[in-house]
Amino acid sequence: MTIPRLELKNISHSFYGVPVNKDISFDLYPGEVLGLIGENGAGKSTLMNIVAGVINPLSGERVLDGSPYEPSSPADARHAGVSFVHQELNLFSQLSVADNLFLTNYPRRGGIFTDKAQARRHAFEALALMDLPFQPQTVVEDLSPGERQMLEICKATIGGPKLMILDEPTTSLTSRETSRLFDLIRKLTEAGTSIIYVSHILEDVKSICDRIAIMRDGTLVDVRVAESVPTSELITLMVGRPLDHLFPERAQSPGTMAVLEVKNLSATGLIDSVDLTVTEGEVVGVFGLMGAGRTELARVISGLETATEGEVHLAGKDITHMTTRDRIAQGLSFVTEDRRGEGLFMDYSVVTNVALPSLKRWATNALAPLRRRVMREAVSASTSELKLAANNIDRAPVRNLSGGNQQKVVLAKWLLTGPKVLILDEPTRGVDVGAQFEVYRTTLDSADAGAAVLVISSELPELLGICNRIVVMRLGRVVQVFDREEFDARLILGAAFGESQSGESV
């Protein structure tokens, strides 16, 4: 009889007296891919941190290949053959690819001197295994977000781990890179490596996994064979109720008055001659492949990157040469895709993070004390709208929240400003299907209140579900615009890939 690669027996853990893992038991076999799904805050990350030695459980047992497994650190876990690819990347951007791959176990000459030539050779072999299009000497800051994600995964394969944990591994990947990752997973499992695959993309989970473990409210609800369980049933098991509609209904139709106007906007090396208008109450999606210029457009509009030509108007006012701070004061809000690096102060509370752009509302002048009670009430109302799962919004740092709840904090922060223009870059990245509905609902509520909304997303189905128009970008330019009655996934994807309406490449 085959011995399980990993056994978890009655694992329990809590933070600040609040249970997050409750008596969880399951096993994983050599060469198996086990999907792990659940809403944000279900306890998935805590459980994986326990498996990877980041934290120790308050009770329960861990067994690896039939022997007790009690790592006191991630290094212990790695030494035992367990590697963990976190959702948030852990790379040094100023170092080379090879340096990042071997940072903690650099090859040595004579056991003393670092052997860079050997490191480059091993790095080349690791990159070739994943068919990655960059070199060992490439500096990480020169890689795209998707390439960095693939490098992080590549780093985890060094040494041939027995067990790999992949936490939301495709969030920054193109469809081509995702396909490449799935090929790698198949190679690893054929060699006997076990995989725990954590993702909110249920179609991917069903495609690549043998079994699926479903968590809800810190408990293990069930473990199902992937091919035998419908997606609708997975959603019901995750959220405890059926979700008949993935997208909310719009309460109103968009108006005709232009709120955001972009005219011939260019930024060297980023975007080229972009024209775009978003009216009051309109939700416009921006779609394109990695490197199409979607995020770059948002950063130029918000003033984070400098325009070299063209104009940006907000409610009829030219804001082209305003600072980002002044654009915010004019009513422009930007929910960045990098919530940890640019969207949040990770060591501060929910209240501090959400209130920060709106502090003037709670002080009569620069020297007056903040009206903290009123401020907290406003923050509480904003986060409640998004169904934020946080035990202590006044003191606990946001780094203690799940990725999806951190995203809700960023969104609540900018919604509280009452924006005239709301730009959302990958708003549901790493967010579970139940929480996605809340993000969509609050986005559409903002539009119904008169805001012009620009949504950048790699997930075409969500743009089809919530947008009035979809703008397709390619190589920094707008190549086609689709009105809602023209929505056709095949045509939109074709435009992103450079295919003309006649089916020819352009």
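Trainee: How many disulfides does a search of the whole structure find?
Mentor: Zero, going through the whole structure. A disulfide here is a pair of cysteine sulfur atoms within 2.5 Å. Keep in mind that this is a predicted model, where local features need pLDDT of at least 70, side-chain atom pairs count only at pLDDT 80 or more, and totals for chains, interfaces and linings use all residues. Residues are numbered from 1 along each chain as its sequence is written, and side-chain values use heavy atoms, with hydrogens and water left out.

Trainee: Okay, cysteines then. Is Cys154 buried or exposed?
Mentor: Cys154 is buried, at 0% relative accessibility. Buried means under 20% relative accessible area, exposed over 50%, and partly exposed in between, using a 1.4 Å probe and protein chains only.

Trainee: And Cys209, buried or exposed?
Mentor: Cys209 counts as buried too, at 7% relative accessibility.

Trainee: Switching to sheets. What is the strand order in the open sheet of four strands?
Mentor: The order is S2-S1-S4-S5, with antiparallel pairing. Strands (E, at least two residues) and helices (H or I, at least four) are DSSP runs numbered from the N terminus, and two strands pair if DSSP finds at least two bridges between them.

Trainee: Which strands stand at the edges?
Mentor: S2 (18-28) and S5 (67-68) do, and each has a single partner strand, so one side of each has no neighbour in the sheet.

Trainee: How many bridges are there between S1 and S4?
Mentor: Five, with S1 (residues 6-15) and S4 (residues 59-64) pairing in the antiparallel sense. For a landmark, Leu6 has Leu64 in S4 as its bridge partner.

Trainee: What packs on that sheet?
Mentor: Helix H1 does, touching S1, S2 and S4, and its direction makes about 120 degrees with that of S1. Contact means heavy atoms within 4.5 Å. Axes are lines fitted to C-alpha atoms, for helices over the stretch in contact, and angles run from 0 to 180 degrees between N-to-C directions.

Trainee: Why is H1 described as largely enclosed by the rest of the structure?
Mentor: Because seven of the eight residues of H1 (residues 44-51) are buried. Lys44 is among them, along with Met48 and Ile50. Just after H1, Gly53 takes a positive phi of about 80 degrees.

Trainee: New topic: how do the axes of H5 and H6 cross?
Mentor: The axes of H5 (residues 145-157) and H6 cross at roughly 5 degrees and come within 11 Å. That makes the two helices roughly parallel, a label for angles under 35 degrees, while over 145 is roughly antiparallel, 65 to 115 roughly perpendicular and the rest oblique.

Trainee: Which residues make the contact?
Mentor: On H5, Gly146, Glu147, Met150, Ile153 and Thr157; on H6, Glu177, Arg180, Leu181, Leu184 and Leu188.

Trainee: Where is Arg176, then?
Mentor: Arg176 sits in H6 (residues 175-190), and with 58% relative accessibility it counts as exposed. Its C-alpha atom is 38 Å from that of Gln252, which lies 76 residues away along the chain.

Trainee: One more: how many residues are between S11 and S12 in the hairpin?
Mentor: Two, and Asp217 in the turn has a positive phi of about 55 degrees. Six bridges join S11 (residues 211-216) to S12 (residues 219-225), running antiparallel, and Ala213 stands opposite Val223 in S12.

Trainee: What about Ser228, where is that?
Mentor: Ser228 is in the loop between S12 and helix H8 (231-239). Ser228 is exposed, with a relative accessible area of 55%. The C-alpha atoms of Ser228 and Arg211 are 9.4 Å apart, with 17 residues separating them along the chain.
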